[in-house]
Amino acid sequence: MYRITDITKDGKTRTDGRYPLRIGSLVEIVDMCVGWRLNLAYVKDADGNEKSGFLSASQVVKIDNTPSLDEIKVTTLNSIYTLTKA
């Protein structure tokens, strides 16, 4: 399980649309492959409340991670998602 710790564009945290509501959420990775859409299943919101549904982001163009997978940065066509192991 991972926490969405940041979503950025052009080096700045996204504050538009629903992005602020996504930051802090606990998620499980459903699909994360270069060339495919990033798909995450919500588990809890930033306040720890149960949350259901999926986040389907744009196509993944790059994945960077630490060797232990404690942090993963997923670059999509529109944003960079930072996921930290929860």
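Colleague: Why is Ser 58 called buried?
Modeller: Its relative accessible area is 14%. Buried means under 20%, exposed over 50%, partly exposed in between, with a 1.4 Å probe and protein chains only. Ser 58 is at 14%, so the label is buried.

Colleague: What kind of model is this?
Modeller: This is a predicted model, where local features need pLDDT of at least 70, side-chain atom pairs count only at pLDDT 80 or more, and totals for chains, interfaces and linings use all residues. Residues are numbered from 1 along each chain as its sequence is written, and side-chain values use heavy atoms, with hydrogens and water left out.

Colleague: Where is Ser 58 found?
Modeller: In strand β5, residues 54-65. Strands are DSSP runs of E, at least two residues, numbered from the N terminus.

Colleague: Which residues does Ser 58 touch?
Modeller: Trp 36, Arg 37, Leu 38, Thr 76, Leu 77 and Asn 78, leaving out residues up to four places away in sequence. Contact means heavy atoms within 4.5 Å. The Ser 58 side chain also reaches the backbone nitrogen of Leu 77 at 3.3 Å.

Colleague: What makes Arg 14 and Asp 16 a salt bridge?
Modeller: A salt bridge is a side-chain nitrogen of Lys or Arg within 4 Å of a carboxyl oxygen of Asp or Glu. The closest N and O atoms of Arg 14 and Asp 16 are 2.7 Å apart, so the pair qualifies.

Colleague: How many salt bridges does the structure hold?
Modeller: Two. Lys 62 also forms one with Asp 64, the closest N and O atoms being 3.6 Å apart. That value is within 4 Å, so this pair counts too.

Colleague: Why is Lys 12 called exposed?
Modeller: Its relative accessible area is 62%, which is over 50%, so the label is exposed. Lys 12 has its place in strand β2, residues 12-13.

Colleague: What separates the C-alpha atoms of Lys 12 and Thr 66?
Modeller: A distance of 21 Å, with the two residues 54 apart along the chain.

Definitions and conventions: Helices (H or I, at least four residues) and strands (E, at least two) are DSSP runs, numbered from the N terminus. A polar contact is a pair of N or O atoms within 3.5 Å; within protein, one must be able to donate a hydrogen and the other to accept it, and residues adjacent in sequence count only if both atoms are side-chain atoms.
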